[in-house]
Amino acid sequence: MNFLNAFLFAGFACAIAQIILDNTKLTPGHITSIYTAIGALLSFLGVYDDLIVKFGAGATVLISNFGHMLYQAAIQGYMAEGILGIFSNMFTKSSAAIAGAIIFAFLVSLVAKPKN
Amino acid sequence: MTKEDYKKLVSKHTPREPKLRNIVVAFFVGGLIGFFGEFIIFMLQESFGMSKVIAGMWTALIIIAISSILTAFGFFDNWVNKCKCGLIIPTTGFAHSVTGSALDYKKDGLITGLGANIFKLAGSVILYGVISAFILAIVRVVIGV
């Protein structure tokens, strides 16, 4: 059942994005940015944690999860250290994704030949 | 032939984007990635006894590593053209855009090319993610919890 939920939710989010992409002039860059901001907003409203409980990886593999992690890290930082914590904690939860993307991209592009 | 006729002729022969098919493909590809993620989390929990949070982080890393490697081999660009949002909206799209820009600008040198352009596409996601998280955090602080 978990697997089906994950499939349906991730598919649903991608289908909505595809409808926006095909019917407006927005580029994929716009849509991913909007999804990230929506993730932060849903997290602010307290909805995103429920989505993760219900849909598991269906909610965490999406780019909106990035916004969710940024917001949660910022709030936890505020709880621990006040205003400074918003700045010093912002990336703690999403660090794995950002560092992973940078490191793998760099290593892989050193090895791979650029195509023409 | 008047200009109007010519326009009609052009629009008749321009291939129309198969919108419905795009949506179905995006649904299935995105859904498969969600399914795949849930499967890896399940496997990591079962075989290594990881907590759900740790398993989720490893899963994100695995998905990012796979999409970076596939981008470097050149498979991913074709797939993104076909599946569009099915691959762009999941974390695969983030990893693809970072690796893609790194590869595209590598020819301009490691500093001025790769270094300066690696976040060319993914930068907007990080920027607006941080800005929206910051503003919402401030709002929550101001209105009190």
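This is a predicted model: local features need pLDDT of at least 70, side-chain atom pairs count only at pLDDT 80 or more; totals for chains, interfaces and linings use all residues.
**Entry 1: H7(A) against H6(B)**

I began with H7(A) and H6(B), whose axes come within 9 Å and cross at roughly 40°. Axes here are lines fitted to C-alpha atoms, for helices over the stretch in contact, and angles run from 0 to 180 degrees between N-to-C directions. That angle makes H7(A) oblique to H6(B); angles under 35 degrees count as roughly parallel, over 145 as roughly antiparallel, 65 to 115 as roughly perpendicular, and the rest as oblique. I noted the crossing of H7(A) and H6(B) as right-handed, meaning that the near helix is turned clockwise from the far one by less than a right angle.

From H7(A) I listed contact residues including A:Ala97, A:Ala101, A:Phe104 and A:Val108. On H6(B) the partners include B:Phe94, B:Ala95, B:Val98 and B:Leu103. Two residues are in contact if their C-beta atoms, placed from the backbone, lie within 7 Å. The residues of this contact divide into 12 nonpolar, three polar and no charged. For the classes, Ala, Val, Leu, Ile, Met, Phe, Trp, Tyr, Cys and Pro count as nonpolar, Asp, Glu, Lys and Arg as charged, and the others, Gly among them, as polar.

Residues are numbered from 1 along each chain as its sequence is written, and chains are lettered from A and ligands numbered from 1 in the order in which they are written.

**Entry 2: H6(B) again, now with H3(B)**

Next I looked up helix H3 (residues 52-73) of chain B beside helix H6 (residues 91-104) of chain B; their axes come within 8 Å and cross at roughly 40°. That makes H3(B) oblique to H6(B). The crossing of H3(B) and H6(B) is right-handed. Among the residues that meet are B:Ala60, B:Ile63 and B:Ser67 in H3(B), and B:Thr92, B:His96 and B:Gly100 in H6(B).

**Entry 3: Chain A and its side facing chain B**

I found seven helices and zero strands in chain A; helices (H or I, at least four residues) and strands (E, at least two) are DSSP runs, numbered from the N terminus. The C-alpha atoms of chain A fill a box of roughly 50 × 40 × 35 Å, taken along the principal axes. Of its 116 residues, 50% count as buried. A residue is buried if 20 or more other C-beta atoms lie within 10 Å of its own, exposed if 12 or fewer, and partly exposed in between, with C-beta atoms placed from the backbone.

The contact between the chains takes 55 residues from chain A and 61 residues from chain B. On the side of chain A that touches chain B, H1(A) gives the most, with 16 residues. By class, that side has 40 nonpolar, 13 polar and two charged residues.

**Entry 4: Core residues**

Which residues touch the most other members of the largest nonpolar core? I have A:Cys14, A:Leu70 and A:Ala74, in a core of 74 residues. A nonpolar core is a set of buried Ala, Val, Leu, Ile, Met, Phe, Trp, Tyr and Cys residues joined through C-beta atoms within 7 Å.

A:Ala74 lies in helix H5 (residues 64-81) of chain A and is buried, with 30 other C-beta atoms within 10 Å. Leaving aside neighbours within four places in sequence, A:Ala74 is in contact with residues including A:Ile86, A:Met90, B:Ala133 and B:Phe134. With the same exclusion, the contacts of A:Cys14 include B:Phe27, B:Val29 and B:Cys85.

A:Ile31 is found in helix H2 of chain A and is buried, with 22 other C-beta atoms within 10 Å. A:Ile31 touches A:Ala17, A:Ile20, A:Leu21 and A:Leu26, not counting residues up to four places away in sequence.

B:Lys84 made me stop: phi is near 45°, a positive value in a residue other than glycine. B:Lys84 lies in the loop between helix H4 (75-83) and helix H5 (85-88) of chain B. Is B:Lys84 buried or exposed? B:Lys84 is buried, with 25 other C-beta atoms within 10 Å.

B:Arg140 has its place in helix H8 (residues 123-143) of chain B and is partly exposed, with 15 other C-beta atoms within 10 Å.
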